Amino acid sequence: LMIELTAEHPLFGKGILVQYRVPFSLQGDVAPLINRLNRWDFGSGDLPPFFGSWCLDPSSNAPAYVSFIPSLLGKTATLVSLINWMGQRHRSVMTFLKSGGVTS
């Protein structure tokens, strides 16, 4: 989990950049899995707010959740809430991946 509190977005200005990287590497084409993750995450009512999307982490060929929260939402997205949201997302995505046969 990486949280950068002073990130700069070209359209939205200053804000918080959050990157959660799935803790293992995968073989082959990961794009279909990332697409399934985005659909699953967007449609799951019990997950934290969907302020980002699943992308490819090219350093490990694994999914990574990337989020940018503009400063104007800073009162909602505190450091504590971001850590809690990503912890909950981690537990949920690991269950999702393991149920689909993906192992570390």
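Analyst: **Aromatic pairs and their surroundings**

Searching the whole structure, which is a predicted model, turns up three aromatic pairs. Here the rings of Phe, Tyr and Trp (its six-membered ring) pair if their centres lie within 6.5 Å, with planes under 30 degrees apart counted as stacked, over 60 as edge-to-face and the rest as tilted. Since Tyr20 sits in strand 2 and Trp54 in strand 3, the pair ties together parts that are 34 residues apart in sequence.

A bit of housekeeping: residues are numbered from 1 along each chain as its sequence is written, and side-chain values use heavy atoms, leaving out hydrogens and water. Because the model is predicted, local features need pLDDT of at least 70 and side-chain atom pairs count only at pLDDT 80 or more, while totals for chains, interfaces and linings use all residues.

Now the sheet. Helices (H or I, at least four residues) and strands (E, at least two) are DSSP runs, numbered from the N terminus, and two strands pair if DSSP finds at least two bridges between them. Four strands make an open, antiparallel sheet in the order 1-2-4-3. Strand 1 (2-9) and strand 3 (52-57) are at the edges with a single partner strand each, so one side of each has no neighbour in the sheet. On average, neighbouring strands are turned by 30° against each other, direction ignored.

Strand 2 (residues 13-21) is antiparallel to strand 1, and six bridges join them. A hairpin takes the chain from strand 1 to strand 2 through three residues. His9 stands opposite Gly13, and Met2 has Gln19 as its bridge partner in strand 2.

Gly52 stands opposite Ser67 in strand 4. Their hairpin has four residues between the strands, and Asn61 there takes a positive phi near 50°.

What about the helices? Contact means heavy atoms within 4.5 Å, while axes are lines fitted to C-alpha atoms (for helices, over the stretch in contact), with angles from 0 to 180 degrees between N-to-C directions. Helix 1 (residues 31-43) lies across strand 3 and strand 4 (62-70), at about 165° to strand 3. Helix 2 (residues 79-99) packs on the sheet too, touching strand 1, strand 2, strand 3 and strand 4, and its direction makes about 30° with that of strand 2.

The two helices also meet: their axes come within 12 Å and cross at roughly 125°. Angles under 35 degrees count as roughly parallel, over 145 as roughly antiparallel, 65 to 115 as roughly perpendicular and the rest as oblique; helix 1 and helix 2 are therefore oblique to each other. On the helix 1 side the contact uses Leu33, Arg36, Leu37, Trp40 and Asp41, which meet Arg89, Ser92, Val93, Phe96 and Leu97 in helix 2.

One last stop is Pro23, in the loop between strand 2 and helix 1. Leaving aside residues up to four places away in sequence, Pro23 touches His90 and Met94.
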